[in-house]
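Please look through the model below.

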Amino acid sequence: MNALPIGLSILVFLLAGLIGLVVGYLLSRALAKKKITDAAEKASQILKETDKEIEIKKKELELKARTEWLNAKSDFEHQTQAQRAKLERLEKKLYDKEESISKRASLLHQKEKELQSAERAIKNKEMMLRSREREIEKLIEKQNKQLEQIARLTEEEAKRILMENLESKARAEAAARVKEIKEKAEKEAEKEAKNIITQAIQRVAADHTIESSVSVVPLPNDEMKGRIIGREGRNIRAFEVATGVDIIVDDTPEAVILSAYDPIRREIARISLEKLVLDGRIHPSRIEEVVKKSEKEVEVLIQESGEQVAFELGIHNLHPEIIKLLGRLRFRTSYGQNVLEHSREVAQLAGFMATELDLDTTLAKRAGLLHDIGKAIDKGTEGTHTQLGYELAKKYGENEVVLNAIAAHHEDVEVTSLYTVLVQAADAISGARPGARRETFENYIKRLEKLESLADSFDGVAKAYAVQAGREIRVMVEPMQVSDNDSQKLATEIAQKIQEEMEYPGQIKVTVIRETRAVNYAK
């Protein structure tokens, strides 16, 4: 009885073990299959991610290659443009040389034609002289024959021949007398003209001073120099920016030097610095305030200077704008000579000479005073000072005599009035005095003006000042138009243009200044 249940239990156990093995096999196979499937999916995902990375790398490499290609293309284009500009300059030089050679050849050809024409004229004159010699010989022969027949002439015929000969002789003597009188009159006229000019010069005999490009401002003590400079140089920089004038602080005791080629700027700077030194408060905002006040004072000074010179010369009814421009001539120079003093002297000389010739003295003075009025017009206006002065005087109602004196005193147009001749003579006398003019100073002024106008021609430039005697150009830019990065580029472009278009000794420093200010008031 016990053996049967034990066998049955063994059988059941074996069956259970077999079923477990089968189930385990099936489970392990299912798990293996799932692992294989998961591994395949993971491998597929890895391949997809790898493909994406490869695609991204490929695009990055393509973008980098394209960027390098664009940079290389840009560099090539810049180099090509530079070479093209250089070639264009060379072509222009060659064209100018060819044109110059062509003009010279044309001039030589013209001179050759003139020589040939002169030779033909000489030959024609020689032929005419020979013809006249033959005519004279025939006339002498005819006269001899007539003399031979005199013995057979009647009394009336002899008288008629005698009268004709006397009449011919009288005409010759009269012509000779007229020529002698004319030559004598010309000599006396020249002598009288010299006498009139000499008297005018002696009556004027004005002193001449050559304008300087520096002003010396005295200081109460040397400690004031440090206050002018300010902490880390902020005061001196603010002053130079506000006035456009260079301050030179050196070992000169109790004094500083203001250097600028523009006398108006220098005068504003001198007045401003004297006020600041006297007041003692020297800082950037105070400097700007004082400079603005000084500018107004100089404007009043300009107006008073114009009114004073017109009053001294007795010239009235001048337009207020002309009065103002006359005052500006006080701060203008021509070859180093003060233009207002030169104009005053020309007016006086022309007036003295007009008095000697019984002409209108006031009109002569008016023409002499206004002959250089075009030099007071701003340098940015194109045209010669004679053209600008003529247009300005015509605009404000000056008469034709004054207009012709302005336009023709350098013989640019035809002289139509005797007053213009007087102004020409007075202008030559005033400019010819020893020490009155200095060519090198005028060239220096023109170089500085060109330096400033060249910098002003760039976009975004607010103001440009030539300082350090033309060794530096300081360029103030509009902060909203020019960024910090653009400032360096602008400095390079200005320096390059200076090298291409100007001639100068040494080197010129280009400083571009960009400053943004925010101002508000607490009430």
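Lys293 is partly exposed, at 44% relative accessibility. Lys293 and Glu289 form a salt bridge, with the closest N and O atoms 3.6 Å apart. A salt bridge here is a side-chain nitrogen of Lys or Arg within 4 Å of a carboxyl oxygen of Asp or Glu. Because Lys293 and Glu289 are four residues apart in helix α6, about one helical turn separates them. Helices (H or I, at least four residues) and strands (E, at least two) are DSSP runs, numbered from the N terminus.

This is a predicted model: local features need pLDDT of at least 70, side-chain atom pairs count only at pLDDT 80 or more, and totals for chains, interfaces and linings use all residues. Residues are numbered from 1 along each chain as its sequence is written, and side-chain values use heavy atoms, leaving out hydrogens and water.

**Salt bridges**

The structure holds 17 salt bridges. Three of these pairs are listed here.

| Pair | N to O distance |
|---|---|
| Lys293 and Glu289 | 3.6 Å |
| Lys92 and Asp96 | 3.3 Å |
| Arg366 and Glu398 | 2.8 Å |

Glu289 and Lys293 also belong to a network of salt bridges, which links them with Asp279, Arg281 and Arg286.

Lys92 and Asp96 sit four residues apart in helix α1, so about one helical turn separates them. Lys92 is exposed, with a relative accessible area of 51%. Asp96 is partly exposed at 35%.

**Charges without a partner**

Lys365 also lies in helix α9, which covers residues 361–370. Lys365 is buried yet has no salt bridge. Which side chain of opposite charge is nearest to Lys365? It is Asp360, 9.4 Å away. Lys and Arg count as positive, Asp and Glu as negative; His and the chain ends are not counted. Leaving out residues up to four places away in sequence, Lys365 touches Leu313, Ile315, Ala347 and Gly351. Such contact means heavy atoms within 4.5 Å.

Lys93 is in helix α1, residues 3–148. Lys93 is exposed, with a relative accessible area of 53%.

**Loops**

Asn317 lies in the loop between α6 (284–313) and α7 (320–328). Asn317 is not a glycine, yet its phi is positive, about 60°. Asn317 is exposed, with a relative accessible area of 75%.

Asp358 also has a positive phi, near 60°, without being a glycine. Its place is the loop between α8 (339–356) and α9. At 70% relative accessibility, Asp358 counts as exposed.

Val413 is found in the loop between α11 (400–408) and α12 (418–432). Is Val413 buried, exposed or partly exposed? Val413 is partly exposed, with a relative accessible area of 40%.

Note on methods
Buried means under 20% relative accessible area, exposed over 50%, partly exposed in between (1.4 Å probe, protein chains only).
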